[in-house]
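I wanted to know how two of the chains meet. These are my notes from going through that interface.

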Protein chains: 6
Amino acid sequence: MNFTQNPKGKYDGYCIIKALEKKITSKGSPYLALRLSDSDGDIEAKWWDYHGDSGDEFELFDFVKVRGDYVIFSNEKQFRIDMMRKVHPEDDVRIEDYVPSAVLPGEMMYDEIEKTVIDLRNDEIKKLVMVILESHKDRLIYWPAAKALHHAVRGGLLMHTLTMLRLARSFCAVYTYVNYEILCAGIILHDIAKIYEISSSETGIPGDYTAPGNLIGHLVLGAMEIDRVGRDIGTSEDILMLLEHMLISHHGIPEYGAAKYPMTIEALALSMLDDLDAKMYEFRTAVFKTEPGEFTDKMKMLDNRQLYNHGRSNDGDVDLINTGGNE
Amino acid sequence: MNFTQNPKGKYDGYCIIKALEKKITSKGSPYLALRLSDSDGDIEAKWWDYHGDSGDEFELFDFVKVRGDYVIFSNEKQFRIDMMRKVHPEDDVRIEDYVPSAVLPGEMMYDEIEKTVIDLRNDEIKKLVMVILESHKDRLIYWPAAKALHHAVRGGLLMHTLTMLRLARSFCAVYTYVNYEILCAGIILHDIAKIYEISSSETGIPGDYTAPGNLIGHLVLGAMEIDRVGRDIGTSEDILMLLEHMLISHHGIPEYGAAKYPMTIEALALSMLDDLDAKMYEFRTAVFKTEPGEFTDKMKMLDNRQLYNHGRSNDGDVDLINTGGNE
Amino acid sequence: MNFTQNPKGKYDGYCIIKALEKKITSKGSPYLALRLSDSDGDIEAKWWDYHGDSGDEFELFDFVKVRGDYVIFSNEKQFRIDMMRKVHPEDDVRIEDYVPSAVLPGEMMYDEIEKTVIDLRNDEIKKLVMVILESHKDRLIYWPAAKALHHAVRGGLLMHTLTMLRLARSFCAVYTYVNYEILCAGIILHDIAKIYEISSSETGIPGDYTAPGNLIGHLVLGAMEIDRVGRDIGTSEDILMLLEHMLISHHGIPEYGAAKYPMTIEALALSMLDDLDAKMYEFRTAVFKTEPGEFTDKMKMLDNRQLYNHGRSNDGDVDLINTGGNE
Amino acid sequence: MNFTQNPKGKYDGYCIIKALEKKITSKGSPYLALRLSDSDGDIEAKWWDYHGDSGDEFELFDFVKVRGDYVIFSNEKQFRIDMMRKVHPEDDVRIEDYVPSAVLPGEMMYDEIEKTVIDLRNDEIKKLVMVILESHKDRLIYWPAAKALHHAVRGGLLMHTLTMLRLARSFCAVYTYVNYEILCAGIILHDIAKIYEISSSETGIPGDYTAPGNLIGHLVLGAMEIDRVGRDIGTSEDILMLLEHMLISHHGIPEYGAAKYPMTIEALALSMLDDLDAKMYEFRTAVFKTEPGEFTDKMKMLDNRQLYNHGRSNDGDVDLINTGGNE
Amino acid sequence: MNFTQNPKGKYDGYCIIKALEKKITSKGSPYLALRLSDSDGDIEAKWWDYHGDSGDEFELFDFVKVRGDYVIFSNEKQFRIDMMRKVHPEDDVRIEDYVPSAVLPGEMMYDEIEKTVIDLRNDEIKKLVMVILESHKDRLIYWPAAKALHHAVRGGLLMHTLTMLRLARSFCAVYTYVNYEILCAGIILHDIAKIYEISSSETGIPGDYTAPGNLIGHLVLGAMEIDRVGRDIGTSEDILMLLEHMLISHHGIPEYGAAKYPMTIEALALSMLDDLDAKMYEFRTAVFKTEPGEFTDKMKMLDNRQLYNHGRSNDGDVDLINTGGNE
Amino acid sequence: MNFTQNPKGKYDGYCIIKALEKKITSKGSPYLALRLSDSDGDIEAKWWDYHGDSGDEFELFDFVKVRGDYVIFSNEKQFRIDMMRKVHPEDDVRIEDYVPSAVLPGEMMYDEIEKTVIDLRNDEIKKLVMVILESHKDRLIYWPAAKALHHAVRGGLLMHTLTMLRLARSFCAVYTYVNYEILCAGIILHDIAKIYEISSSETGIPGDYTAPGNLIGHLVLGAMEIDRVGRDIGTSEDILMLLEHMLISHHGIPEYGAAKYPMTIEALALSMLDDLDAKMYEFRTAVFKTEPGEFTDKMKMLDNRQLYNHGRSNDGDVDLINTGGNE
């Protein structure tokens, strides 16, 4: 956590409430159990003296200022809160600086994606993608792409989309028989229903899966949205079928949630570029935390392999995630 | 085949054209390669003398009368056609008698299902199911439930639906916490998009998978139909979510095409009753062809197991499939 | 736990000893570490002042009265015992009220099952089933069906058997070619060797697996019992083979312990009804603990899926498990 | 086939009937379709002129003399029979010379195994093994160990048993903590129920699986036999449990038919030595048919690998299988 | 086959001998069984009148001229050879035109790859790659990349390498933290040991796997070559370890032959780009053979999926493989 | 731990430092967190009063004398150090007595293995094996065979090798067609690159995997060493190929790290004997810790099975691992 020690030895800092629950001690007194988060990470916290009569009630994703101490509990570091209040305008701090977020601002990423759509030559595809994209613009600007895995940061959804789009351009130059228009539409729409699947707020911090997210999932929810919007604006059935197929197949294999295997070359390309971009992100993030010459811990999602930091990444390397100015 | 030998030693019979292709012999003469089918089974056929100038052009699923001989080719029995023509009204034969079909007539099965819907108490569910059911009545009457596996017969789709519905009644009496209304809706709608997935005709003979069938599949196509109709008639989002979840999860596990695992008790019940009814059908059909005390061949779809006919089936046993009166 | 706080602030209650071990503190004093259980659940307990000289020695499954306090240890609630003694007749409490048990009394379930056997028409099967059933009556009345999973409650074995039997009746009415007599015999006998596999006592609380349970298992132990009894009373080899096959195949696939895949239609039906009943029980039990609109935790035994409580279970719903009158 | 060409250009030879079926040509005349076998291999055969009136009816496993020609049918060599009759005593040929069989005579193998039993020191185990072994002596002498895979030759069952026994001696010298008596008993009994599982005759040619073989299998059938005989002669329950566990677990993992994983050190040793001996046999048999420097075809049962004949096998190498004197 | 019919009705053409075997008819006369191949495909052929006394002996991969007829045998088209002789200089035909080959000439592809190496900035890597590349230049020019799957054409090995290299450039522009030098080295060397693994000739037609290919494989053979050459020219151990790791891990997962999972970001990138390029090639090749709106057959190597030709590939599309001028 | 309580109630003992890290308490004071190990096992330890100014700095694998107390922390026993110093010569203790080690001394095992090599008759194989063996003699004497699984003790590598060699002799007597010379070479060399893969010291305690160990692994590292040494001393390519194949395939299947399936009979034998020896060791070690009649905990590496101690191991049984004289 980017907390700073004040002259009295206490720690001060701004952070987001990522989880909170009112509990009762075995002796019957109420307290708050929280998980606090800033751009540097997470920490469990306890506010023992909380009585709920402070006139300042807290909610999930609140942006707050805390003061307290680090303590060790059951072998793990926790934060014991002395004081906590919501952030005031006069604090003059921006929420973006306190959540892990994509390097590029959301608006900038949105603009680049929108420009790609404008440049498409197939009017039918262009119109469909644009209508859906614009209808979600306000949330896309900051939505995360996942709850825990790749691109689970503020703006992660657009970041993931944009990286894939950039790669797709050269990809279609190499594999000239791939239909660039269809591939672009697939990339832009493939994860867009994550705004239904994962709950979040303007903080861009991912919350829980929603009921539709769990029961239907962003693949089918996205295909349904394409179908609904497409029929509304008159997109041809053939185009709808191709795009819907890309949506429901983009996880590549049934075990990963694909309702169908990719059966068109653009569906195949989409699923492979999606996997590639996700793996590069996760790999990079994991290796970034190790010293050169060292291995990461065993990574569950990657067949328990341990990744190696060979210390030879390019010099001009820029960090993937903006962790604010406090680091 | 239910062909009969005429006094001159030739074989005569009525049948359906299940596949046909115009070909050229190595000597350059045209001929017709066909697959003929009646309620008893299939056979490859060749019409060597076909010249295409008979003024009587043939198409897939045509109901025809043939005359010819059985011959052996590459170790398999074939039929060599001397003469073939379309069935005339004066032949006085009914197509239903020449395709494998469910024991109960389609209309009768439809009526029983419709009555079940009428008896539902939840108006929202009742209306949604009724609208979808009625809109497909004409095709449901004869549509098969599969291309090759369980219930791949005329009327098989309704047969499968009806058996499950009958079982569901007592099932809900035993497991009283299961919501009967939701389960019924799921059973009636779960395979309804097979009318989009598999091509067929009034013969009820299953043809190939369609493009939407291959690329989207009846699970997601069905969920989309529920979504479209439901939003149109004002079904609540909550009910739609529960029904759509049942649709996309009813194959039970991803390996079998489920986009999600069943996560509600009715979705679980639906997927297990579906599997149960399909397995009973396949098992029964396979065992029915063996002698008591014998085993079937290894069944690929059933982990290569060989099923055993113990010869102790109940006396009052009725055959599952009506193979016409010719048998 | 259904303990009640007395005027002095201590907690009193009746419970069963589910595990106990004499230990020594790091300072060398002896104490008792126990797991206590009543119809509401389990709790770890410590009796620090135990000296073993109380003239009242304790054993596994003892029915006891305790007094003490709840404490938190390593993040988990424990019970610190001040006093513990065996239940006296004058306490006037029944053990059935202090263990999770099936809703129906064991004798009532046994009678319904016995009546089903009496109504069988095949004398050979009827006699075999009856002999085995009666020989285990005293233990069947209260035996649990599992150590941890489905029906792991007092009387769970008969409860599981009875639910399947009830379902089997309507099942055979729908699938008329299934031999009802054979299926009934399979249902009644399929888990009967769990009385050898799992240790328990009159409390109906499941203990550990026995050595024969681990090394041979209830599938083969049950088949051996059928073979032994059947040869003794002269059952025909053919019937024995069919029933033994059902026993050793009823887990459906090798991965779940089946020595053979089900190869007869009754063996298939048995394995599917068994799986169905177990899944319904587990699903129901898990969902029952969540609020409407909420998901359960990830369920390991169900492919990590999270089950959804849609809040639309039927009104007349009765709880599956009798948790005594204390709740 | 070890047939020889006679002066008139026809082929003569002795062989066993491995399969036979009466059929009707498309022209209505009866003929015999057979599979003939000698120590060199198998061949499909047709006897077109068979009328069934020769007063010499044929059965499966009959030892016959044939005369005829080789013909090509559908790309495969067949034998066209001109004449076939049963072997007469005056032919002076021994059936053993016309079936693939183990190198050592059955009696010699039986004697060595019996001697191993006599030398056991644990009387309980010795008695049980001896009683079962002796009761099957007449069939063990020639029974094959499999229908198609390893040791599927005359006497193959004893050959497999004996090789494992020989290996077990030195194995227990290296791993001194393994109980030699228990391991020996397990080796001798582990496949003995193959005499119930596979049908055969004195020819030692394996026929089909029997009904009990398919439905129960030699693992459980063998455990049942141990249980029955053991209880009859008073073997202790503990010994029976250990041996029965070895029987039902000796295929190592559920996927290969084990009802339980091996859980004792002798059960583990048994399953690994069994697998080792089977693999060595199959590997050797496959490589034996290739030239040095060549690979075998892809072997389905061995993960499609192709085995390599490096041409450096020991000089004193003896062929595993006696293919008679005709080769 | 690109054979042309001459005025007498016979077919003439140039082709390569892809397999040949001297055989004997059932009547004892010798004949040649061959597989002939040109840029259009393969065909089985028989030369019945071959007597081996023509003074013109044939070998695998010979470039020949044939004359004969098409015949049907066992349902498949064959070629019956009347006359066959080796190609003479005066025939004025080039072998490149008669084998399926990469669009770009081998020398041109080699030059582009060499230029990429020259532009590398890390001298150690540049030197190592250059030494290995140059030492195999003569064979690389035409070597195929596989026996049957992706890039199994003349020049396929360089084609596959070059496409990946082109993609790698933009890939490293998007994922700036990837070390371009290491990735390039990995791409160029990853399949280079296929020249040891698969036998071929100047025709570029892939023959069988070699013994080292089968027993060691191109992954480990390549790593060994890097090790040997690297130690010889003094490459640092650290670089060797990184490159060798890429070689042995580039099949991604153990099931596909990787001795280790990719554990560096470049090893991961290499394995994913390799898979991507292979899949694009196979997908494209399969779809190219179908009509728009049609599906391919089930593709074994792609989980039995059927690929869809949506008929919307880009106009400027160039065929992947040069099938000569004869098509 | 083999610590002994001194008259003042403190515990004294000699042990090895298996892990150590300097840490800071939440109050800012430095302390040492260690893992101590002797022949009896491991324990976490804390030295709270450590100031790093003792003039006696510690390193991994140091042999030290400690004094302190046992305490319970988070439910686990720890050791709280009062005093710790390196062992002095005057302590007169041998490191071998304080680490778990193979029963036989390293030199004795080495000699027996060397003698086996000397007795080989194939000069080429003999020379190659001898050169490699001798070059690593100093480390082989004490190297462990694994980090955590089988033979993870001092001298474990030679112990594993020697047991397999002993078994191989009788193995080749039973399977006479196996080439003993090749099998011996494979056994001796198969794990020799573990000296590169796992870090250790003269204590024989296994440390972490090295970078080459993780990235290349002992299978390929060993094959590379054979290739390098073999080419240096002129071993024929054919022999190298056979031995290298054994090295890279000895884990049997890809899932366990084999780069190729075993394809020669000696490679198959090697992989099966390797597996057999490892399983016997692990099984024995696990069962040795249980009481007769009891089961072990579920063993993760053995499909979660629980092993059974039947209490009938041979009397003359010797413990596998020498746990020093202190036990």
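Ground rules first. I worked on a predicted model, where local features need pLDDT of at least 70, side-chain atom pairs count only at pLDDT 80 or more, and totals for chains, interfaces and linings use all residues. Residues are numbered from 1 along each chain as its sequence is written, chains are lettered from A and ligands numbered from 1 in the order in which they are written, and side-chain values use heavy atoms, with hydrogens and water left out.

**Extent.** I looked up the contact (heavy atoms within 4.5 Å). Chain C brings 24 residues and chain D brings 24 residues. Together they bury about 2100 Å², 69% of it on carbon and sulfur atoms. Here buried area is the accessible area (1.4 Å probe) that two parts lose on being put together, summed over both. In chain C, the most area lost to chain D is at C:L215, C:M224 and C:M241, together 28% of what that side buries.

**Charges.** I found 2 salt bridges between chain C and chain D. The term means a side-chain nitrogen of Lys or Arg within 4 Å of a carboxyl oxygen of Asp or Glu. One salt bridge joins the side chains of C:R228 and D:D227, at 3.1 Å from N to O.

**Symmetry.** A rotation of 180° with 0.1 Å of shift along its axis does it, with RMSD 0.1 Å. The two copies are thus related as by a two-fold rotation axis. I also noted that 100% of the interface residues of chain C are interface residues in chain D too, so the copies meet through the same surface.

Technical notes
Least-squares fit on C-alpha atoms with pLDDT ≥ 70 in both.
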